[in-house]
Amino acid sequence: EARGTHVIPFDHTVFFLVRKTDLDKYPQLLKGFGDYDVNFLEFQNDNRKGDMVAHNPDVVFDAALAYCATWKALVNFVAYDTALSDVGLRCLQDVPYLLNLEITNTRCTAAAFKNLKNFPNLANAGIGAMKDGKTLLPALSKSKILHTINMSKLDLTDKDVIPFANVKTLV
């Protein structure tokens, strides 16, 4: 149980571990952070030992992400092996400065990424193992600001990636 406040410099990384049972009971847990408190939010299921934090695959609930939509400093959002769905992802579509969005092996579908105008500043995208992820490739290849894209586990062919040959911003 945390009490009081503590100032954390902007360039520091803070790992926030929430037990599944706590998030089940208190999906509003992320509400405790203010508009400018968080610039990088990552949820993952990683059972490796070392510096990584181990999470249960169903830790991330869409209701918990509803509070992130007002975060003005959020520029990076990553979700690996979680139960995040399109409902939760839509909570992030109005985050004003979202630059990096990596969604890998979640319940999100291509429908959540259907229109790139929902993420006008998106420079880096990850759609690994996304249901219907291949259907996003034509829209992503038309982006004028996309620098990197992760298309892992999409069963792509050479023909699928040809449109990206003309994307001048990709590195």
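Predicted model: local features only at pLDDT ≥ 70, side-chain atom pairs only at ≥ 80, totals over all residues.
**Ala-110 and its contacts**

I skipped residues up to four places away in sequence, and Ala-110 then touches Met-130, Lys-131, Asp-132, Gly-133, Thr-135 and Leu-136. Next I looked up where Ala-110 sits. Ala-110 belongs to the loop between β3 and β4. Is Ala-110 buried or exposed? I found a relative accessible area of 7%. Buried means under 20%, so Ala-110 is buried. I also checked one distance. From C-alpha to C-alpha, Ala-110 and Leu-136 are 6.3 Å apart in space, and they are 26 residues apart in sequence.

**Positive phi angles**

I went on to the backbone angles. Ala-129 is not a glycine, yet its phi is positive, about 55 degrees. I located Ala-129 in the loop between β4 and α4. Its relative accessibility is 23%, which counts as partly exposed.

Lys-153 is another entry on my list. Its phi is near 60 degrees, again positive in a residue other than glycine. Lys-153 lies in the loop between β5 (148-150) and α5. Is Lys-153 buried or exposed? With a relative accessible area of 66%, Lys-153 is exposed.

**The salt bridge**

How many salt bridges does the structure hold? I found one. The partners are Lys-134 and Asp-160, whose side chains meet at 3.1 Å, N to O. Why does this pair tie together separate parts of the chain? Lys-134 lies in the loop between β4 (124-126) and α4 (137-141), while Asp-160 is in helix α5 (residues 158-161), so the pair links parts that are 26 residues apart in sequence. I noted the general idea too: side chains of opposite charge can pair when their charged atoms come close.

I then looked up the exposure of both partners. Lys-134 has a relative accessible area of 35% and is partly exposed. Asp-160 is partly exposed as well, at 21% relative accessibility.

**The sheet**

I traced the strands next. Five strands form an open sheet in the order β1-β2-β3-β4-β5, with parallel pairing. Which strands are at the edges? They are β1 and β5, and each pairs on one side only. From one strand to the next, the twist averages 5 degrees.

I looked into one pairing in detail. β1 and β2 are joined over four bridges, in the parallel sense. Within the sheet, I saw that Glu-42 stands opposite Val-78 in β2.

**Asn-76 in β2**

I stayed with strand β2, where Asn-76 lies. Asn-76 has 15% relative accessibility and counts as buried. What does Asn-76 touch, leaving aside neighbours within four places in sequence? I listed Asn-39, Phe-40, Leu-41, Leu-98 and Asn-100.

**The nonpolar core**

I finished with the largest nonpolar core, which has 35 residues. Which members touch the most other members? They are Leu-41, Leu-65, Phe-77, Leu-101, Ile-103, Phe-113 and Ile-127. I checked which elements give two or more residues to this core, and they are β1 (40-43), β2 (76-80), β3 (100-104) and α4.

Note on methods: Residues numbered from 1 in each chain as written. Heavy atoms only, no water. Salt bridge = Lys/Arg side-chain N within 4 Å of Asp/Glu carboxyl O. Buried < 20%, exposed > 50% of the residue type's maximum accessible area, 1.4 Å probe, protein only. Core = buried A, V, L, I, M, F, W, Y, C linked by side-chain atoms within 4.5 Å. Contact = heavy atoms within 4.5 Å. Pairing = 2+ DSSP bridges. Axes fitted to C-alpha atoms, helices over the stretch in contact; angles between N-to-C directions.
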